[in-house]
Amino acid sequence: MQNERKIRVLIAKPGLDSHDRGAKVVARALRDAGMEVIYTGLRQTPEQIVETALQEDVDVIGLSILSGAHKTLFPRILKLLKKQDLTDIMVFAGGIVPEEDVSEMKKLGIKEIFGPGTTTEEIIQYVNKNLPKRDQS
Amino acid sequence: MLTVNQSSVRATVGQKMSMVDKNKISQLRKERERWEQTTLPKWIKQSGERKKEFKNTSNMLINRLYTPEDIKAVDYIRDLGFPGEYPFIRGVHATMYRGRFWTMRQFSGFGTAAQTNQRFKYLLKEGETGLSIAFDYPTIMGYDSDHPMGKGEVGVCGVAISSLKDMEDLLGGIPLDKVTTSMTINGPAAMLLGMYVAVGDQQGVSREKLGGTTQNDNLKEYFAQKLCIYPPKPAVKLTTDIIEYCTRHLPRWNPTSISGYHIREAGANALQELAFTIYDGITYVESTMARGLKVDDFAQRLSFFFASHNDFFEELAKFRAARRLWAKLMKERFHAKDPRSMWMRMHVQTSGCTLTAQQPLNNIARTTIQAFSAVLGGTQSLHTNSFDEALALPSENAVRVALRTQQIIAHESGATTTVDPLAGSYYVEALTNEMEEKAVEYIQKVDDMGGAIVAIEKGFFQKEIADSSYKYQREIDEKRRVIVGVNDYEIEKEENPIELLRVDPNAEKEQLANLQKLKRKRDRGAAEKTLDKLQRSAEKDENLMPTIIEAIKAYATLGEICEVLRKVYGEYKELIVI
């Protein structure tokens, strides 16, 4: 095996939503769990998020949103990832996404959605367990 | 720099009116020691205690038992006094809720102006006594509804207001001389206040009669709510413009509501919420005095906004300490003479971040306890959260329960029959003192740092809050803190018996059509002229309120007005602190 690379995670806040408490807590918890975490701050456009993912060569993207704009923003992010041929990045989301939207978002390619009450431990375990195998070229 | 006299905060042994007799205290100490050596060990041996140490969220160690010993230094007249008088800890009014209840004000707004207008009328019909407007994200960020950044967010988290036309629709049929209105708006507060004033003018309500509040607390945006448009210095300038303008022209308007609520929701503990909020208040007093206004000209219109979280006693102590600390600061640091400059009037909202998505009806119990603490803490105005708000914007049914909770406390609980009923409790007074002392330490620290803007630029507030919020989450994750229904007492399969509000998906489309129509119909040249004037006024560093009102009345849009100031002031770039 090659030298072990740390899991690289981008935590991103799309749209105008300013509730960053959850995103920051998750970023810190993943970092404490030994991952390399990039947090780009508030109000990122889908284009900025995908560009950062590309530049930073991340394995995972965590999207945090509580504003209700997920139905507009998530599909745009996923479409741009596809366009950049970055579909091997695992994308999960956290925040407030109503039950009836969850399956629709998962169909689009969001792997998991963590709602209120999720522990940071659950997210860490999920990432470790479901991390896609990527070419380490 | 002088803050408040430490010795008057750390109450020294009272000469005249100490609540307890000195001789009795030594007798009491002996009795307590006896109890600790005889009765207590038996109980501890038998069943132990649930935890090694008990702490509140503010990291204060809570004693097993409080007795007169813990408040032996309290001098009744100096430290507690009487309601309606300095230091106002027992309440800002002499009769408090025996005179009248607090204002029951439910924060609401969604979809188009016309839709929110319907909700306002519903709430007023159900007995609400004041309006409180929630704006959507694009409005809060100073964008029109057609700005690309706002796609998917128009009317979602609040009501979309892009111009005076929208404000006219929002307030249609609501007499502005009869209701007071609170607007949760900061970056573009001057523009939204301008629109409100313009609608008042249309209704023929004189400006002396317009009553309400603009949140207009830009400092906390940089480390709490994080909806900043401009860099901190021009933002404080805009906040100060409104304070100055209201002092001169809108005597019944509260120009700012200095807000701890968002600081708390961002993850701060009660003590940090208290200290940082008070510090923001200090900064606005200084910036307004720097305009040449005397403290007694404006300080009585400053108002505050706090959260009420889960720990009933910690919150109660915070509210009471806040009033006394502010009174002392106004008197000792700013040399206010008018007692009304020293009173802290507050609005309280029960804490949104305590609401759980699991077993949502439990939130009614949480909200009740939080609201009860706010009432016993002497609030002037209250918003109770709806039980479904961890899931969506509240439904009408859930809002009604929330409002009824306040009405039950007001009419049925007995909490409103006497003033400040928990005063004198050994625990409450000891905790109130500790809250105040530790807040003074924080204030000193920020003073030493060079003030609030420096503390923001250094990331001090941000780091303090991030650490507290992470700590709180770890406690829950490790089950050292039980949240009922979330990490304990869970149910296997969550049933979802409640019906959630879905914002009309056509609201965005409708709003965009409204905006296009406005832009077609208005006199574009006239609007542009006012925008040019505004730019010149901003470059000359004048008070911008008059020119903003002119632009509003010419139907320049919110986005256009904010864009002019973006050009002059630049945009804030977030300092990221994890």
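## Chain A: overall architecture

Buried residues account for 47% of the 137 residues in chain A of this predicted model. The secondary structure of chain A consists of five helices and five strands, and from the N terminus on these elements follow the order β-α-β-α-β-α-β-α-β-α. The radius of gyration of chain A, 14 Å, is close to the 14 Å given by the globule rule for 137 residues, so chain A is as compact as a globular protein of that length.

Taken along the principal axes, the C-alpha atoms of chain A fill a box of roughly 45 × 35 × 25 Å. When contacts in chain A between residues at least 6 apart in sequence are considered, 74% join residues at least 24 apart.

## Chain B: overall architecture

Chain B contains 23 helices and nine strands. Its radius of gyration is 25 Å, close to the 25 Å that the globule rule gives for 578 residues, so chain B is as compact as a globular protein of that length. The C-alpha trace of chain B spans about 85 × 60 × 45 Å along its principal axes.

Of the 578 residues of chain B, 49% count as buried.

Which elements of chain B supply at least two residues each to the side that touches chain A? In total, 32 residues of chain B are in contact with 28 residues of chain A. The elements in question are α6 (137–140) and α19 (460–477) of chain B. Helix α19(B) provides the largest share of this side, namely five residues.

Classified by residue type, the side of chain B that touches chain A has 18 nonpolar, nine polar and five charged residues.

## Helix packing in chain B: α15 and α16

Helix α15 (residues 362–376) and helix α16 (residues 396–412) of chain B have axes that come within 10 Å and cross at roughly 45 degrees. The two helices are therefore oblique to each other, and the crossing of α15(B) and α16(B) is right-handed.

On the α15(B) side, the contact is made by B:I364, B:T367, B:T368, B:A371, B:F372 and B:V375. The residues contributed by α16(B) are B:V401, B:A402, B:T405, B:Q406 and B:I409. By class, this contact has seven nonpolar, four polar and no charged residues.

## Helix packing in chain B: α21 and α23

Residues B:L531, B:L534, B:Q535, B:A538 and B:E539 of α21(B) meet B:E560, B:I561, B:V564, B:L565 and B:V568 of α23(B). The contact of α21(B) with α23(B) has seven nonpolar, one polar and two charged residues by class.

## Loop residues and backbone geometry

Most residues other than glycine have a negative phi, and most peptide bonds are trans. Against this background, A:D85 has a phi near 60 degrees, a positive value in a residue other than glycine. A:D85 is found in the loop between α3 (70–83) and β4 (90–95) of chain A. Is this residue buried or exposed? With 8 C-beta neighbours inside 10 Å, A:D85 counts as exposed, because the cut-off for an exposed residue is 12 or fewer.

In chain B, the phi of B:D541 is likewise positive, near 60 degrees, in a residue other than glycine. B:D541 lies in the loop between α21 and α22 (545–553) of chain B, and with 10 C-beta neighbours inside 10 Å, B:D541 counts as exposed. A cis peptide bond, with omega about 0 degrees, joins B:Y86 and B:P87. B:P87 is placed in the loop between α4 (76–80) and β1 (103–108) of chain B.

B:K458 lies in the loop between α18 (452–457) and α19 of chain B. With 14 C-beta neighbours inside 10 Å, B:K458 counts as partly exposed. The C-alpha atoms of B:K458 and B:L575 are separated by 8.8 Å, although the two residues are 117 residues apart along the chain.

Technical notes: Residues numbered from 1 in each chain as written. Chains lettered and ligands numbered in written order. Predicted model: local features only at pLDDT ≥ 70, side-chain atom pairs only at ≥ 80, totals over all residues. Helix = DSSP H or I, 4+ residues; strand = E, 2+ residues; numbered from the N terminus. Rg over C-alpha atoms; globule rule 2.2 N^0.38 Å. Buried ≥ 20, exposed ≤ 12 C-beta atoms within 10 Å, placed from the backbone. Contact = placed C-beta atoms within 7 Å. Axes fitted to C-alpha atoms, helices over the stretch in contact; angles between N-to-C directions. Parallel < 35°, antiparallel > 145°, perpendicular 65-115°, else oblique. Left-handed = near helix turned anticlockwise from the far one by under 90°. Nonpolar A, V, L, I, M, F, W, Y, C, P; charged D, E, K, R; others polar.
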